[in-house]
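Let's take a friendly walk through a structure together. Keep the picture open beside you as you read.

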Number of protein chains: 2
Amino acid sequence: MISITKPTLILDEDKCRYNIKRMKEKADAHQQDFRPHFKTHQSNAIGEWVREAGVEAITVSSLGMAYYFAQAGWEDITVAFPFNILETEDLKKFPAHCRLTLLVDNEQTISYLSTSGLSLSIFIEIDSGAHRTGLSSSDYEGVLELIRLVKSFDNLTLRGLYSHAGHSYQCRGEAEVKAVHHQLHNDLKGLKAALKGEEDIYICTGDTPTCSVGGHFEGSNSLSPGNFVFYDVMQAEIGACSYHDIAVAVACPVVSKNADRKEICIYGGAIHFSKDSIEVNGNKSFGQLVESQGNLEWGTVVPDCYLKSLSQEHGLLKVTLAVFDQIQVGDVLMILPIHSCLAAESLGCYITTNGTELEHFSRVKSQR
Amino acid sequence: MISITKPTLILDEDKCRYNIKRMKEKADAHQQDFRPHFKTHQSNAIGEWVREAGVEAITVSSLGMAYYFAQAGWEDITVAFPFNILETEDLKKFPAHCRLTLLVDNEQTISYLSTSGLSLSIFIEIDSGAHRTGLSSSDYEGVLELIRLVKSFDNLTLRGLYSHAGHSYQCRGEAEVKAVHHQLHNDLKGLKAALKGEEDIYICTGDTPTCSVGGHFEGSNSLSPGNFVFYDVMQAEIGACSYHDIAVAVACPVVSKNADRKEICIYGGAIHFSKDSIEVNGNKSFGQLVESQGNLEWGTVVPDCYLKSLSQEHGLLKVTLAVFDQIQVGDVLMILPIHSCLAAESLGCYITTNGTELEHFSRVKSQR
């Protein structure tokens, strides 16, 4: 029996394994390769659950994270972040058993890599509407030029195109996500058709909302969602999952109560949840209270009870009168995080509902 | 010569020491004890600079942090977070050489501590307007009752009252901060006068804005600001410091450029800066670009260039046309963080402008 004394990230293994299985089956059903993004869980233990579901290729967001998973035996890893040429020396130390694929969206990086003396696999990044990085999916000429440039270098192997439709995070409700999904795959189909001589190019895409909600993946060959392993309040509000699907909660001690404001102060702040927020039922929320069930389990969302603010270590939970009276100083509350990727990064390890501790890369990284 | 390849927190020792010296001298000039809050830097090395400035007592935000500094020889530490009774066992292991003072704001916690078998020093927390935790500064009866309750137990020693005027963070401009400062000290003076038989009670207060800007500390005996050692963009926009006073910047590699949007993608995201933002010149900013000077130094703010968004590892910097053309993929940019406490916690160590690496507690903590 684990005794919670500090903010602790609790993981429901059954829900997590179910989320993994469901997404893998969906990718299979739609003839999509599955290259899930591991930046959400960043854990070798959870990676093994993904492997047990039949997955062989993965995606990560940093070279350090790629090392971590390569050392655990993964042999096909994409770093889905525009390659940082200042880390080129680190590439030279990468385990030889692993096929590493880098993301590029500009000539300078490609030219730099061409002189690195390394044999490298390359995805060209496409901006399908998130407007963060990548060449526009309507810039057919630009994409074709970059394809040709990569192909012109003997040490570079073009793997295909990669696009993260991050603008799906602006959606509220399944219908909006489906609209983004439809547009995304139409645009990618259009891009493929326009790439003279490259119409068969391999495309990987996959934010969690469109992968969760969309059918028919006509524009892509491969999916790389990440957040779906846990989901979170943001995904539920976007319409990508139900609250029941969320596989992580943060257990937080109650340290103070304010009867006038019906507010509960918990030990659990910005350094535990990070500071993403989303509007839930008209209130800006940094986390949603769920019912505690036994030591480490949780049930349904408690209506109208949400984290209204976070400071470094404090969380301020707004609750109803009935809930206020039930909660005592010294209780441990369970809170669903808004953004599970950042909460996991901040909390740095998992305790499963069975009481097992699982490693997170952020803690390993900090020991280097 | 340090070579920057990843997001790295750079610390200007001269600025930091100057900020420490200035605040210590101000406290001395106003006959205030100085108990600076170490939650901002969380570093033994920087703690030594504070000690060299003549400081003997400090404030922290968690019991773990108190241990860290007690082990480095600090002998008078306040944990300025409502005591979490679930951590009572940890109290028993606390180094005996150190006087630890705990914060309480409710009867339950006091009653619990009274039965702990430990001799403990206590601050009662007062809410002077931040509305986070503590008894209202106008609740004279409630405060007096809690004072009497603490005094009724032989194992508890009342140290005084503690208040963090966190509502000063809502101010924009020095005049607003001064108004909060004036109200705060008026309220604390009024509270003291109203506490029959306890008019000489010791009061500690001190958020960075009011301590930086306010004169005359009529309501308090002691100051405990934290952020002033580094300051940050938020403090500059509040009016608590000038941009020149900011002692930390994050060095970030450039990985991609978008000519259409005049945007630069840097390696530096939410897991490095955390996600606090503030409006600067009408734009929501997650960080402000400063001029790079040599390897690890920086100069003045570059006008109209700011981090417009952060995802997990990406930062998107909006820049002017002239600046856009000067920046190349592979450059290292210097960015002032919005909230230095959270950026330091996230980045987990410091490199001084002289190239020395300094420890941060978050990295030590993660190795336990």
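Predicted model: local features only at pLDDT ≥ 70, side-chain atom pairs only at ≥ 80, totals over all residues.

## Before we start

A residue counts as buried if 20 or more other C-beta atoms lie within 10 Å of its own, as exposed if 12 or fewer do, and as partly exposed in between, with C-beta atoms placed from the backbone.

Residues are numbered from 1 along each chain as its sequence is written, and chains are lettered from A and ligands numbered from 1 in the order in which they are written.

## Two domains in chain A

How is chain A divided by the domain assignment? Domain 1 covers 32-230 and domain 2 covers 243-365; such bounds come from an automatic or database domain assignment. The centres of the two domains of chain A, taken over C-alpha atoms, are 32 Å apart.

The domains also touch: 14 residues of domain 1 of chain A are in contact with 14 residues of domain 2 of chain A. Here, contact means that the C-beta atoms of two residues, placed from the backbone, lie within 7 Å. Helix H2 (44-52) and helix H3 (63-71) of chain A each supply at least two residues to the side of domain 1 that touches domain 2. Helices (H or I, at least four residues) and strands (E, at least two) are DSSP runs, numbered from the N terminus. By class, that side of domain 1 of chain A has 6 nonpolar, 7 polar and 1 charged residues. In this scheme Ala, Val, Leu, Ile, Met, Phe, Trp, Tyr, Cys and Pro count as nonpolar, Asp, Glu, Lys and Arg as charged, and the others, Gly among them, as polar.

## Where the chains meet

Now look at the two chains together. On the chain B side, 46 residues are in contact with 45 residues of chain A. Several elements of chain B give two or more residues to this side, including strand E4 (76-82), helix H5 (107-114) and helix H12 (340-347). Which element gives the most? That is E11(B), with 4 residues. The side of chain B that touches chain A divides into 15 nonpolar, 20 polar and 11 charged residues.

## A helix pair in chain A

The axes of helix H1 (residues 13-29) of chain A and H2(A) come within 9 Å and cross at roughly 45°. Axes are lines fitted to C-alpha atoms, for helices over the stretch in contact, and angles run from 0 to 180 degrees between N-to-C directions. H1(A) and H2(A) are therefore oblique to each other: angles under 35 degrees count as roughly parallel, over 145 as roughly antiparallel, 65 to 115 as roughly perpendicular and the rest as oblique.

From H1(A), the contact is made by A:Cys16, A:Arg17 and A:Ile20, and from H2(A) by A:Ile46, A:Trp49 and A:Val50. Sorted by class, these give 5 nonpolar, no polar and 1 charged residues.

## A helix pair in chain B

In chain B, the axes of helix H1 (residues 13-29) and helix H2 (residues 44-52) come within 9 Å and cross at roughly 45°. B:Cys16, B:Arg17 and B:Ile20 of H1(B) meet B:Ile46, B:Trp49 and B:Val50 of H2(B).

H1 of chain B also holds B:Ala27. Is B:Ala27 buried or exposed? With 23 other C-beta atoms within 10 Å, B:Ala27 is buried. Leaving aside neighbours within four places in sequence, B:Ala27 is in contact with B:Gln32, B:Phe34 and B:Leu223.

Return to A:Lys262, which sits in the loop between strand E11 (248-258) and strand E12 (263-267) of chain A. A:Lys262 has a positive phi of about 50°, although it is not a glycine. A:His131 has a phi near 55°, again a positive value in a residue other than glycine. Its place is the loop between strand E6 (120-127) and strand E7 (135-136) of chain A, and A:His131 is partly exposed, with 16 other C-beta atoms within 10 Å.

Finally, find A:Asn186 in helix H7 (residues 174-194) of chain A. A:Asn186 and A:Gly219 are 33 residues apart along the chain, while their C-alpha atoms are separated by 6.4 Å.
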